[in-house]
Amino acid sequence: MDSNEVKNIVFILAGGTGSRVGGERPKQFLPLSDGRSVLEHSVDAFEASHYIDEIVVVMHPEWMDEAEQLARTNAWKKVKKVISGGSERWESSWNAISMYLKEDKKDMDTFYWFHDAARPFVSQDIISRVAEGLKSHLAVTVAVPVTDTLYQVKGNKVDGIRNRKEFMRAQTPQAFHYLVIGPAYMRAIEKGKIKATDDVGILMEYNPEVDVYFVEGEEANKKITYKEDLEK
């Protein structure tokens, strides 16, 4: 990159209600074994990284006050905003992107990072690998190899077996130069009927000329989906 300065902004996506976990509170507020919440662990990881300059928590509208209280209690210095998320994941990402696109300077290489709040075990090694990858790539994601046999199915019938060496399992964070992910989202919104389930999907569909580089993830960087995941 030829710019004078690099800035890394992390969007912690916590807009879901976590209905599959159960209970009255979204899963991002549920405690792990040390008593600290899923959200606190996720924010802590990026707060501790010297690569990260700012953090934005994208929260379900009904729980924004609680997220802001957590930010005050923890005295997170890098958390600059708590903003409202959307009903779909892409809406939460776009809410954050659109807020920052107006502010980013042309003489600065700004990268937007997207991390699922429900992945509280992201390590400093993963964050470091993504940051280093961004030094030579415009888009970087995290992935781990597929170890199980993959069935291709039709209905409830096995129709074939895929070569698992050709597949990786996606994790977060996913990070992009703002000049590639911003236009991709604008094109997606203009066309409508967005089907992509993550930010890499948005980039690949609406800005396909940009290659996505992946770095090695970790099995420990799991996503909290069910109540049992809180106990493992």
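**A guided conversation about the protein chain**

Visitor: Of the contacts between residues at least 6 apart in sequence, what share joins residues at least 24 apart?
Guide: In the protein chain, 73% of those contacts join residues at least 24 apart. A contact means heavy atoms within 4.5 Å.

Visitor: What sort of model is this?
Guide: It is a predicted model, in which local features need pLDDT of at least 70, side-chain atom pairs count only at pLDDT 80 or more, and totals for chains, interfaces and linings use all residues. Residues are numbered from 1 along each chain as its sequence is written, while side-chain values use heavy atoms, with hydrogens and water left out.

Visitor: How many helices and strands are there?
Guide: The protein chain has six helices and nine strands. Both are DSSP runs numbered from the N terminus: helices are H or I with at least four residues, and strands are E with at least two.

Visitor: And what is the radius of gyration?
Guide: For the protein chain it is 18 Å, which agrees with the value near 17 Å that a compact globule of 232 residues would have. The radius is taken over C-alpha atoms, and the globule rule is 2.2 Å times the number of residues to the power 0.38. Along the principal axes, the C-alpha atoms fill a box of roughly 50 × 45 × 35 Å.

Visitor: What percentage of the residues is buried?
Guide: Buried residues account for 48% of the 232 in the protein chain. Buried means under 20% relative accessible area, exposed means over 50%, and partly exposed lies in between, using a 1.4 Å probe and protein chains only.

Visitor: Let us turn to α2. Which of its residues are buried?
Guide: Helix α2 spans residues 64-74, and Met64, Ala67, Leu70 and Ala71 are buried in it. Seen down the axis of α2, these buried residues fall within an arc of 120°, so they line one face of the helix. The arc is that of the directions from the helix axis to the C-beta atoms.

Visitor: What covers them?
Guide: The cover includes α1 (38-47), β2 (54-59) and β3 (79-84). On the other side of α2, Asp65, Arg72 and Thr73 are exposed.

Visitor: What follows α2?
Guide: Ala75 follows α2 and lies in the loop between α2 and β3. Its phi is near 55°, a positive value in a residue other than glycine. Ala75 is exposed, with a relative accessible area of 52%.

Visitor: Where is Lys193 placed, and what is its phi?
Guide: Lys193 is in the loop between α5 (178-191) and α6 (199-206). Its phi is positive, about 55°, although Lys193 is not a glycine. Lys193 is exposed as well, and its relative accessible area is 80%.

Visitor: Changing topic, which residues does a cis peptide bond join?
Guide: It joins Thr172 and Pro173, with omega about 15°. Pro173 is found in strand β8, residues 168-177.

Visitor: How far apart in space are Met168 and Leu230?
Guide: They are 24 Å apart in space, C-alpha to C-alpha, and 62 residues apart in sequence.
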